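Me: Could you take a close look at one part of this model for me, the place where helices pack side by side? I'd like to know how they sit against each other and how that spot ties into the rest of the fold.

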Amino acid sequence: MELSKAPKVSITRRKKSRAFAKPPYQSKEHFDACQDGLVNALSKNREHLILAGCEAHVCVMQTALELLRQGFKVSILVDAIGSRRPLDRDIALHRLGSSGVFLLTVEMLAFESLETAKNDSFKAGLEIIKS
């Protein structure tokens, strides 16, 4: 994958009152969360999704691949996913990267969203990153 093709990550900022609002409950029975209404629960102007979760080789992978098929840009936080067996995780990441999913670390995402050390949230963010 060429780095120049990776979309710039943008964190949607919400008003503080909504930032901590409890999202509506969404049951999940399928490995691919899209089959349980994930896409319908998203904002209509959402183009890029960042995923993390358990069982990288099952739920995360199947959801990411379906989101790609539906035209979304998808990033996976590689240090915020897991599988019981490292081989399953590694093969899932290889497959996802080969399929067009962007692979990021949490720290990469944090610094990309901060953009500059002059950002008002930089010091607080740096403390979290270093902890």
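Reply: Start with α3 and α4: these two helices are roughly parallel to each other, because their packing angle of about 5° falls under the 35 degrees that the label requires. Their axes lie 10 Å apart. Keep in mind as you look around that this is a predicted model.

Who does the touching? On the α3 side the contact is made by A56, H57, M61, A64, L65 and L68, and on the α4 side by D88, R89, A92, R95, L96 and S99.

The largest nonpolar core has 19 residues, and the members that touch the most others are A64, L67, V74, I76 and L96. The largest share is that of α3, with 6 residues.

If you skip its neighbours within four places in sequence, L67 is in contact with C34, L38, V39, L49, L51, F72 and V74. V74 is itself among the core residues that touch the most other members.

Now turn to the sheet. There are 3 strands in an open sheet, ordered β1-β2-β3, and the pairing is parallel. β1 and β3 (102–104) are the edge strands; each has a single partner, so one side of each has no neighbour in the sheet. From one strand to the next, the twist averages 30°. If you want to trace the pairing yourself, β1 and β2 are joined over 5 bridges in the parallel sense, and H48 has K73 in β2 as its bridge partner. α4 packs on this sheet and touches β2 and β3, with its direction at about 160° to that of β2.

E55 sits in the loop between β1 and α3, and its phi is positive, about 55°, although E55 is not a glycine. Most residues other than glycine have a negative phi. E55 counts as partly exposed, at 23% relative accessibility.

If you're wondering about the cysteines here, the sulfur of C54 is 8.5 Å from the closest cysteine sulfur, which is in C59, and that is too far for a bond. A disulfide would need the two sulfurs within 2.5 Å, and the count comes to 0 disulfides. C54 counts as exposed, at 62% relative accessibility.

For contrast, have a look at another helix pair. α5 (residues 106–114) and α6 (residues 122–130) pack at about 175°, with axes 11 Å apart, and are therefore roughly antiparallel to each other. E107, A110, F111 and L114 of α5 meet F122, L126 and I129 of α6. L126 and A110 are 16 residues apart in sequence, while their C-alpha atoms are 8.9 Å apart in space. L126 is partly exposed, with a relative accessible area of 22%. The loop between α5 and α6 holds E115, another residue other than glycine with a positive phi, near 70°. E115 counts as exposed, at 60% relative accessibility.

Finally, the wider view. The protein has 6 helices and 3 strands, running α-α-β-α-β-α-β-α-α from the N terminus on. Of its 131 residues, 32% count as buried. Among contacts with a separation of 6 or more, 71% are between residues 24 or more positions apart.

Definitions and conventions. Residues are numbered from 1 along each chain as its sequence is written. This is a predicted model: local features need pLDDT of at least 70, side-chain atom pairs count only at pLDDT 80 or more; totals for chains, interfaces and linings use all residues. Side-chain values use heavy atoms; hydrogens and water are left out. Buried means under 20% relative accessible area, exposed over 50%, partly exposed in between (1.4 Å probe, protein chains only). A nonpolar core is a set of buried Ala, Val, Leu, Ile, Met, Phe, Trp, Tyr and Cys residues joined through side-chain atoms within 4.5 Å. Helices (H or I, at least four residues) and strands (E, at least two) are DSSP runs, numbered from the N terminus. Contact means heavy atoms within 4.5 Å. Two strands pair if DSSP finds at least two bridges between them. Axes are lines fitted to C-alpha atoms, for helices over the stretch in contact, and angles run from 0 to 180 degrees between N-to-C directions. Angles under 35 degrees count as roughly parallel, over 145 as roughly antiparallel, 65 to 115 as roughly perpendicular and the rest as oblique.
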